[in-house]
Amino acid sequence: MAPYESHERVAFFVERFSVATKETFEVALERQSRYAPIIHAKLRAGGLPEDMIYLPLIESWYDPNAYSRAAAVGMWQFMTSTARGVGLRVDWWIDERRDPVRATEGAVAHLNELRSDFGSVYLAAAAYNGGAGRVSRGLAQHAVALEGTVGDDLFFALLDQKALRAETRDYVPKLIAA
């Protein structure tokens, strides 16, 4: 993830995490230490970069009981349909989105599927946040402008085209900054 450390949005979030949200960020990193061995092992086993350990930080500050306005739940912030799609049980009795081990397994499976679809970890992260359809539409709408751009560079080229919602445009820079 190093080549993009100097990107202006990454620098913005480095500053934000270092100053404005420093205390919250530090609490989240303390919480992360409880889950890091599990997440690292699952990421490694799934063939994903271990830097993706910061995805649940930007999703939920590593809170397995987090609940969003959009009804995403858990440390990895799964919507019900996505959670069920990766094999997590979500019903009246059990909600595996709140289980750090099962949710991490589901997140690794989902991220691998998205990476396979898009050929890039950054585009996979953007699709994790904003939806695969939105990323696909952005790539299709800006195909001419993106011609010759491949891999993780595609995310930043798409960012320059403003083809994604603001939240999704900031998602990967936050991940890199974390």
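Where does I94 lie? In the loop between α4 (80–85) and α5 (100–118). Keep that loop in mind; I will come back to it. One caution before we go on: this is a predicted model.

Let me start with the whole chain. The protein chain has 10 helices and zero strands. Along the sequence, the pattern reads α-α-α-α-α-α-α-α-α-α. The radius of gyration is 16 Å, close to the 16 Å that the globule rule gives for 178 residues, so the chain is as compact as a globular protein of that length. The C-alpha trace spans about 50 × 35 × 30 Å along its principal axes.

Of the 178 residues, 44% count as buried. Take the contacts with a separation of 6 or more: residues 24 or more positions apart account for 54% of them. The chain exposes about 9100 Å², and carbon and sulfur atoms supply 50% of that area.

Back to I94. Together with W92 and W93, I94 makes a nonpolar surface patch of about 480 Å². How exposed is I94 itself? Its relative accessibility is 34%, so I94 counts as partly exposed. The cut-offs here are under 20% for buried and over 50% for exposed.

P3 sits in the segment before α1 (8–18). P3 counts as exposed because its relative accessibility is 66%.

On to α2, residues 22–45. This helix is bent. Where is the bend in α2? At Y35, by about 60 degrees. A proline, P37, follows within four residues. Y35 is also one of the buried residues of α2. Just after α2 comes G47, with a positive phi of about 75 degrees.

Now α9, residues 153–160. This helix is mostly covered, with six of its eight residues buried. Those are L154, F155, F156, A157, L158 and L159. They pack against four helices by name: α6 (121–130), α7 (132–141), α8 (143–146) and α10 (166–177).

That brings me to the backbone. Most residues other than glycine have a negative phi. Two residues here deserve a look on that score. Q77 is not a glycine, yet its phi is positive, about 55 degrees. Q77 lies in the loop between α3 and α4. Is Q77 buried or exposed? Buried, because its relative accessible area is 12%, and the cut-off for buried is under 20%.

The other is K162, which follows α9. K162 is found in the loop between α9 and α10. Its phi is also positive, about 55 degrees, although K162 is not a glycine. Buried or exposed, this one? K162 is exposed, because its relative accessible area is 60%.

To close, three places to look at on screen. First, the bend in α2 at Y35. Second, the nonpolar patch of W92, W93 and I94. Third, the positive phi of Q77, a buried residue, and that of K162, an exposed one. Keep in mind that the model is predicted.

Notes:
Residues numbered from 1 in each chain as written. Predicted model: local features only at pLDDT ≥ 70, side-chain atom pairs only at ≥ 80, totals over all residues. Heavy atoms only, no water. Helix = DSSP H or I, 4+ residues; strand = E, 2+ residues; numbered from the N terminus. Buried < 20%, exposed > 50% of the residue type's maximum accessible area, 1.4 Å probe, protein only. Patch = residues over 30% accessible without salt bridge, like charges linked within 9 Å, V, L, I, M, F, W, Y side chains within 5 Å. Areas by Shrake-Rupley, 256 points an atom, 1.4 Å probe, with all protein chains shown as cover. Salt bridge = Lys/Arg side-chain N within 4 Å of Asp/Glu carboxyl O. Bend = angle between axes of the 7 residues up to and from the residue. Contact = heavy atoms within 4.5 Å. Rg over C-alpha atoms; globule rule 2.2 N^0.38 Å.
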